[in-house]
Structure formats: structure tokens, C-alpha cells
Amino acid sequence: MNNKFGKKTEDHLNKNDKKSKKKEKKANVKAELANAKQEIADQKEEKSDMQAALLKADQEIANQVGEKADIQAELVIVNKEVDNQKEEKADVVAELAITIKELANQITLRKEALEKIERIMHYDSLTSLPNRAMLEEKLQHEINIAKDQDKRIGILFLDLDGFKPVRNTLGQFQEGEFIKVVATRLTNLVQESDIVARLGGDKFIIMVQNPESSEYVRKVANKIISAFRQPFEVNQNEIYVTVSIGISVFPTDGKTHEDLIKNAELAMYKAKEKGKNQSVLCTTIMKDIIRENMKLSNGLYKALERDELEVYYQPQISLDTKKIVGLEALLRWNHPVLGMVPPGKFIFLAEQNGLIIPIGKWVLHTVCKQNKTWQEAGLKPIRIAVNLSIIQFQNLEIMNQINEVLESTKLLPKYLELEITESIAMRDTVYIIDVLNTFQKLGIYISIDDFGTEFSSLQYLKLLPINRIKIPMPFIQGINVDKRDEWIIETIIVLARKMGLAVIAEGVETRQQDSFLKKRLCGEIQGYYYYKPMPAKDIEMLLQTNS
Ligand code: C2E
Ligand code: CA
């Protein structure tokens, strides 16, 4: 059975197989076709995408072309700007060059100005010598070196003698020329390493470098003094002056530049006191005096507060009537330790430290008040003289001070006399004439104290409003001793009379002096022969009997 049926089945099976294979094939073809179609569709899509991309790319290219054109246009502008900037830069460089030049000019000007300031600050404009500031700097520098090396430094403080009359004769312009000639001579007299400095006026300082001894410095000073024997020539005029020199030596006479200069200056004043035209070395004795003066000066500050000052009065007598016609107020200091200190010992200190202004004011007030009190007590009114220091006179407040005192004490100006020295009279004449005229118009009496003792010009007798001349004691002491003193006294009395001025002799101690003066018609006398200066209470009693 299998065979029969088998064969049939087998055929049937083959037939079916073939059929399904065909079907499968067809399906495959169909699938492939679908695939192909799909691929075509895809390719189409891709193509259209590519076309779109192409289009976009074209667009971009077109845009880029546009942008490039813009960039090129911008580039042209930028290039132009660069060109402009280049031009501007060239201008700026040119301007900068000008500015730099200007700056350089300014720097030069500034440098010159600084140099000028330096010159003004450190050099004397008239002589071109170092000034005080420069000298102090150099001296301090040298002191520092000398300290380490155990060396000496000499300081000469020079002041011309009798310069005021020379100045008056020469006038301002020639005075400058004269100072220049003096400066040149001084410079030629010292070593190149020494320094000549001008302090102003007729004062010079010379710093002697590294001298072997104090004696050597003194020799330098004496060489200068000798060299001044030769006249100085100024515009064909021959001028003779002498010089006083004070000497200090580092380290013995001072360890600082201030002390060395101050001590040399004090020694110079000693040289003047001893008769001028000489040198004086700052000695230990002088240093003691300085110390003493410093103590006095310190005490003087407190003297006013502590009521230690007192005014004494010395009567002035008429030679005709022998009556008291006036008083001179003379200051005294009742020192708590030293006792009564005379004015000769402290007035110059008060002048140096400025205390003379308040002290002088106090004296004026005390005297005017005392005088008014005596008048109110019924004593015969009397004129009282007050000594005025040059420092008080230089103070522009002097007129106000005197007005104030007269107003506050209610004393009539005719009972006040002011004694001024020749050195005041010789100062700035226009100012002095002005002040003295004001005083005289008020009715104040003006006297010239110590007439003929300082370097004076008789010119001021003509110019200044003066009432009286005081003949100083040194001439009076020459009566019956030295004919020349007598001639001077006689001449002064005649001169005063001719000029319509009153005259009073000071320091009359003897009967011979008194009778000599009486014979020569000297109007008034003041001196121990009649009265010594006395305290107010003693004077009061005397005035009561005099009235
Ligand atoms: P001075 O103005 O020349 O005064 C005269 C001086 O001679 C006074 O000295 C007086 O006491 C003194 N004297 C008067 N008669 C005789 C005499 O017969 N023989 C002797 N040996 N001496 C006599 P004092 O009181 O010592 O005054 C000295 C100087 O002090 C005064 O000299 C004057 O320049 C100054 N002085 C006094 N009081 C003041 C003041 O209040 N202010 C100022 N700025 N200076 C004053
Ligand atoms: Ca006097």
C-alpha cells in the first residue's frame, strides 16, 4: 500500500512544493520590488534633501559673497581709519616732541629758579659771600669732623668801627661798593680753605680751618687789623676804617656753632669796649660773664612780676637860681640775692632779650603816674626825664605807648622829657624826625643824651626837633685836667646857645667843675656835687622844701 499511495502522495507533495516555491519566489520578487520602490523613494527624498541643501549652500555662498563685499568695504574704511590714525599718530608724536621740549625748558627754568633760591638762601646778594645760614651749615659740618679728628676751628667775628659816619658820607649806592671792596680784601687775606661770610651790614665772620692753636687764630685776626690800615678805594674816594674782631675757638670756647658765633660776637663787643681796632679772644672770664649775664637775664623776666624794679630820681639844678628845675628818672633793680643792681648791668641785657619794651613801658608809666601824684599833692610841677632805649624807639608802637601813658596818667606832656642817644638820632632819620616832631607837637621835651660820645654827625642837630643837649660826664671829668675837654665843653655850650638849645652838664662832682660851668654860662647841672639819684620818697621831701 505505501507504494501506491506513496507515489501519489509524493507527486502531490512535489506539486505543492513547487507551488509554494513559486509563491515564495513571487513574494520575494514583490518584496524586492517594494524594497526597490522604497529605495527609489528614499533616493528621491535624499535627492530633494540634497537639492534643498544645495539651494541652502548656494544661498549661503551668495550670503558669503555679500558679506565679503561688506567686509571689503569695511576693510577700505578700516584702512582709511588706520591711515588717519597714522597721520594722527604722527601729529601726536610731533606734539609730544614739542611738549618734551617745553618740559625740558621748564625743567631748566625750575633748575635755574632752584639755584637762585639756593643762592638767595645761602649767599649774600651784595658780596656773593656765604651768608649766616650757609656759614652755620658749614661750621656744623666742620665741627662734626673736628670732633672725630681732634681738630680746632677758629671763628673771627668782625665789625667795622665807625661805619655809620662812613655810611652817611657814602650814600646807599657807594656803601654797597665799599662793603664789596672790604669783602674782597678779607677774602684775599685768608687761606682758600677758610670761609669768609657776611652777616649783613658791616658784620663779617671768618671761619679759620684747622688752626694749630688759638694764638694762630689771633695772628690771623691781627693780620686783618693791620690790613685795614690801608684805605679802601671806592669811586676814587679813599676810605679809612678800622675793625674790631672777637675770636672763639672750637672746642674750648664752644661746642656748637651757636655758642662759637655768640661767644666770638661777645668778644667783639669787648674789643669795642676796650677802644676798638683790636682783637679779643673769648676767654674763660668772658664765659663767666656770659653765664652771669644769663642768670641776670633769667631773673629779669621775673623782676617786673615780682615788683623788684624801682625808679630813682636825680635832681637837675639851675646854675642861676640853684633850684631844682627837673629830675632824671634812673631805673634800679632790687635783686633778691645780689642787692641793688645798677642799670649799666641789666639794661643791655633787657635790650638783647626784648624785655626793654615792657620794662621801658613800666618806667614811663611809673614816672608819669608819680609826677601826677606829686602835682596832685600840691608840689610845684616839675619836668621828669625818662631815658629811651634805641630798641624802644625802633618799636613802631612807641608813639601809641607814650600817648597811652599820658592819657592814662593825665599828666600834661610838658612835664615829660625824653632822653634819646645819638645812636637813635643817627638811625633812619625820616622816621626819627617824624616821631620826634609828633612828640614835640604834643609838648614833650626832647634831649640828646651823652652828646658827642658816639660817632655822630652834627647834621641831626639841624634836622631833629631837639630842646636840650646833655654834656656827658667824661668831658666834665676833664675840667682842670685836660684842656681839650674844656674846649669841647665850651664849644658845645656855644653851639647849643647859637642853635637856641638848652644845655645841661652831667656828672658834676666838684666845686671846680661847677664854677667852670657857671663861668661858661652852662644853664643847668646834674651830678653828685648837688644830688645823687634818690628813691621817690626822698625826692618828695626835697621837692617840698624846693617848692
Ligand atoms: P645816663 O643816662 O648817662 O645817666 C646818668 C648816669 O650817671 C646815671 O647812672 C647816674 O646815676 C650817673 N651819675 C649822675 N651824676 C653822677 C655823678 O656826679 N658822678 C657819677 N659817677 N655818676 C653820676 P645810672 O643810674 O647807673 O644809669 C646808667 C645808665 O643806665 C644811664 O646813663 C642810662 O643810659 C641807663 N638807664 C638808666 N635808667 C634807664 C631807663 O629807665 N631806661 C633806659 N633805657 N636806660 C636807663
Ligand atoms: Ca640819661
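The legends below describe several close-up views of a predicted model.

**View 1. Helix α10 packs against helix α12.**
Helix α10 covers residues 398-409 and helix α12 covers residues 429-442, and their axes come within 11 Å of each other while crossing at roughly 15°. Because angles under 35 degrees count as roughly parallel, α10 and α12 are described as roughly parallel to each other. The crossing of this pair, α10 with α12, is right-handed. On the side of α10, the residues that meet the partner helix are Ile398, Met399, Ile402 and Asn403, and on the side of α12 they are Tyr431, Val435, Thr438, Phe439 and Leu442. Sorted by class, the contact of α10 with α12 contains seven nonpolar and two polar residues, and no charged residues.

**View 2. Helix α8 packs against helix α10.**
Helix α8, made of residues 356-376, packs with α10 at an angle of about 30°, and the two axes are 9 Å apart. With that angle, α8 is roughly parallel to α10, and the crossing of α8 and α10 is right-handed. From α8, the contact draws on Ile357, Lys361, Leu364, His365, Cys368, Lys369 and Lys372, which meet Gln401, Ile402, Glu404, Val405, Leu406, Ser408 and Thr409 in α10. By class, the contact of α8 with α10 has six nonpolar, four polar and four charged residues.

**View 3. Glu524 in strand β16.**
Glu524 belongs to strand β16, which covers residues 524-526. Its relative accessibility is 17%, and Glu524 therefore counts as buried, the cut-off for that word being under 20%. The side chain of Glu524 makes a polar contact, at 2.5 Å, with the side chain of Arg468. When residues up to four places away in sequence are not counted, Glu524 touches Ile317, Ser318, Leu319, Val325, Arg468, Val503, Ile504 and Ala505.

**View 4. Pro533 in the loop between β16 and β17.**
Pro533 lies in the loop that runs between β16 and β17, the latter being residues 534-535. With a relative accessible area of 17%, Pro533 is buried. Apart from residues up to four places away in sequence, Pro533 touches Tyr312, Tyr313, Gln314, Leu330, Arg332 and Tyr528. The C-alpha atom of Pro533 is separated by 49 Å from that of Met134, and these two residues are 399 residues apart along the chain.

**View 5. Asn293 in helix α6.**
Asn293 is found in helix α6, which is formed by residues 284-303. The relative accessible area of Asn293 is 17%, so this residue is buried. Leaving aside neighbours within four places in sequence, Asn293 is in contact with Phe348 and Leu349.

**View 6. Arg497 in helix α15.**
Arg497 lies in helix α15, which covers residues 483-498. With a relative accessible area of 46%, Arg497 is partly exposed. If its neighbours within four places in sequence are left aside, Arg497 is in contact with Arg520 and Leu521. The C-alpha atoms of Arg497 and Gly523 are separated by 9.8 Å, while these residues are 26 residues apart along the chain.

Phe250 and Pro251 are joined by a cis peptide bond, for which omega is about 5°. Asn210 is not a glycine, yet has a positive phi of about 50°. Asn235, although not a glycine, has a positive phi of about 45°.

Terms used:
Residues numbered from 1 in each chain as written. Chains lettered and ligands numbered in written order. Predicted model: local features only at pLDDT ≥ 70, side-chain atom pairs only at ≥ 80, totals over all residues. Heavy atoms only, no water. Axes fitted to C-alpha atoms, helices over the stretch in contact; angles between N-to-C directions. Helix = DSSP H or I, 4+ residues; strand = E, 2+ residues; numbered from the N terminus. Parallel < 35°, antiparallel > 145°, perpendicular 65-115°, else oblique. Left-handed = near helix turned anticlockwise from the far one by under 90°. Contact = heavy atoms within 4.5 Å. Nonpolar A, V, L, I, M, F, W, Y, C, P; charged D, E, K, R; others polar. Buried < 20%, exposed > 50% of the residue type's maximum accessible area, 1.4 Å probe, protein only. Polar contact = N/O pair within 3.5 Å; in protein donor to acceptor, adjacent residues only side chain to side chain.
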